[in-house]
Amino acid sequence: MKDFDIEEELNKLPQLPGVYLMHSDSEEILYVGKAASLHNRVRQYFRKGHGHGGSPKITKMVSQIAYFEYIVTGSEMEALVLECNLIKEYRPRYNTLMTDDKGYPYIRVTVDEAYPRVLFSHQMRRDKSRYFGPYTDGKAVHDIIQLVQRLFRLRTCSRVLPRDIGKERPCLYYQIGQCSGPCDDSLVTREEYNEQIRQAVSFLNGNTKELVSQLKTRMKELAAEMEFEKAAEIRDQIDGINHIMDKQRMNDTTQDNRDVVAFARGERDTVVTVFFVRDGQLIGRENHHMSAEAEEPDADVLLEFLKQYYSSTPYIPKEILTRIPVPEQEVLLSYLSDKKGQKVTLLQPQRGDKAGLLKLAEDNARLVLEQDIERIKKREKRTTGAVQEIAEILGIPTASRMEAFDISNISGYHSVASMVVFENGEPRRNAYRKFRLRTVEGPNDYASMKEVLTRRYTNEKLGPLPDVLMMDGGKGQVHVAEMVLDSLGLEIPVCGMVKDDHHRTRGLYYKDKEVHFPKGSEAMHMVTALQDETHRFAITYHQLLRSKGQVHSILDDIDGIGPKRRRALMLHFKTIEAVQAASVEELSSLPEMNRDAAESVYAFFHKEKSEEKQPPK
């Protein structure tokens with residue numbers, strides 16, 4: 001903002017709690033923070049050698065600040081809540097962020113419907129439905145829903161009842177005994193169905209003893225009747241009920257519920273492990289990744305995690321165990337206690353079972369981090385390492401951004417083209433582009449490529465210029481590209497991706513020479529992947545247009561050949577070249593083709609051929 005005077009605005013800052021947002025000159029939100037005193041906290045960023053100015057990360061951020069804004073709140077706790085929400089919404093680049101924001105699923109019972117259903121839900125909405133959860137395992141939620149639907153014979157369809165009652169026959173679920181058939185009121189009354197829902201809700205509330213007792217009685221009856229397979233099914237249902245309801249559901253009925261939070265840090269990556277202890281039993285574990293600079297203190301990283309994690313987690317335990325205390329702990333605990341509705345404590349155990357559990361979580365986080373580092377190294381070798389290898393082979397400064405083009409001209413249809421972009425060795429799909437040829441008629445790859453490249457490199461909206469241009473072809477395609485770039489005054493290295501007789505990538509055609517890769521090198525794998533992706537993208541686009549009837553075949557230009565005969569010709573002969581080489585007898589042998597149509601096709605291609613042989617007058 002040109003009219004924003006930072007010094008003047010700093011003097012206006014109030015001595016009140018609130019949230020501040022740092023903006024760049026392009027309106028990007030660089031950082032979101034909270035403060036007990038906006039006047040004191042925000043001014044620290046602009047004092048050399050003081051406060052936040054000592055961090056290289058913050059120093060870099062401050063150099064990009066064009067202006068800031070702030071929001072005054074009634075208390076520091078309100079500021080913390082607002083800060084969490086704004087960080088989640090804007091994900092500023094200089095905030096320490098959770099890079100894998102996870103949600104927790106619920107079971108939803110649509111009790112507001114005349115014939116309720118039991119559904120999976122990603123969040124708890126403010127509607128008239130009953131919600132159960134949250135659950136730590138999404139698969140377990142699906143298991144519970146299927147179990148409940150099967151046990152209580154509840155409907156799974158989306159029919160609007162009672163409006164649609166009697167309009168259609170009951171579905172397969174009724175036929176196999178897994179639905180009571182409320183879509184037909186002669187099968188089950190509304191009162192009977194709602195009693196089934198009542199039992200299901202009671203079951204989801206944890207009242208399983210009576211149901212398990214009934215199932216055991218039924219299992220014994222079936223066994224006595226020699227119905228062993230059905231008895232085994234009920235036995236499995238009982239096992240499923242005990243396992244799912246005892247191990248997965250979070251609840252507040254115990255005094256021994258806690259989360260154990262531990263982390264391990266590398267140079268650029270941080271892994272935070274959370275153990276869930278419910279009813280004194282370790283029931284689950286989650287690993288979260290954070291982007292945190294090495295110079296950031298452990299306590300600050302932990303604080304950011306706790307704020308972001310528990311602001312989006314629907315369940316908060318009474319105890320949270322950590323290795324170290326965090327700054328602003330009183331405000332954090334006040335916020336968590338207010339959200340839970342009862343006191344929450346943050347403990348740092350030094351001995352005993354709790355300390356042992358904390359060490360176990362730390363060991364887990366360290367192991368995950370080591371695995372991640374190894375995975376990252378392999379990925380970098382496969383991506384950025386391959387890019388560097390390509391640059392070295394070609395003798396160019398960098399190949400960070402590679403663009404590849406392909407012309408798709410299938411079975412005589414008009415051509416389309418594709419542009420695929422790899423950045424730092426990985427596909428950047430939002431930069432891919434599709435082109436429908438405007439000036440080229442018929443299969444002319446050179447003319448088509450000339451049009452596409454000209455359109456690409458005269459349109460600034462299609463992204464920055466590449467470090468190297470990859471053509472899906474050899475010398476001819478490379479020279480066309482060089483000619484277009486030269487006419488536009490652009491100096492971009494151009495390579496042709498060359499395949500061998502088995503259609504495998506063999507090397508690159510560059511500066512009138514073929515450059516070969518070391519066998520099995522990452523560079524060769526990278527170029528192969530780029531070539532395959534380019535061809536796949538072009539073919540997919542062409543097929544999409546054909547399915548919509550938006551591309552034109554050369555067969556459409558022949559009198560007497562409509563869509564049905566065109567399809568028959570292509571199914572039988574496979575290619576336009578084979579149709580062109582066929583005799584009248586071969587063409588007329590197709591059931592869809594009569595003699596006149598066959599002669600029309602033959603004359604069309606051989607007339608064009610004879611005209612091509614005529615010398616110009």
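Helices (H or I, at least four residues) and strands (E, at least two) are DSSP runs, numbered from the N terminus. This is a predicted model, in which local features need pLDDT of at least 70 and side-chain atom pairs count only at pLDDT 80 or more, while totals for chains, interfaces and linings use all residues. Residues are numbered from 1 along each chain as its sequence is written, and side-chain values use heavy atoms, with hydrogens and water left out.

Of its 617 residues, 46% are buried, where buried means under 20% relative accessible area, exposed over 50%, and partly exposed in between (1.4 Å probe, protein chains only). Among contacts in the chain with a separation of 6 or more, 61% join residues 24 or more positions apart, a contact being heavy atoms within 4.5 Å.

Arg153 counts as partly exposed because its relative accessibility is 34%.

Now move to Arg91, in the loop between α4 (76-90) and β4 (97-98). Arg91 is likewise not a glycine, and its phi is positive at about 45 degrees; with a relative accessibility of 36%, Arg91 counts as partly exposed. As background for these stops, most residues other than glycine have a negative phi, and most peptide bonds are trans.

Then select helix α15 (residues 475-487), whose 13 residues should span 18 Å at 1.5 Å a residue, in agreement with the 18 Å between its end C-alpha atoms; the expected span is 1.5 Å times one less than the number of residues. Colour the buried residues of α15, which are Gln477, Val478, Val480, Ala481, Val484 and Leu485. They lie on the same side of α15 because they cover an arc of only 160 degrees around the axis, the arc being that of the directions from the helix axis to the C-beta atoms. On the face turned away from this buried side, α15 carries the exposed residues Asp486 and Ser487. Following α15, select Gly489, which has a positive phi near 70 degrees.

Finish at Leu16, in the loop between α1 (6-12) and β1 (18-23), where a relative accessibility of 41% makes Leu16 count as partly exposed.
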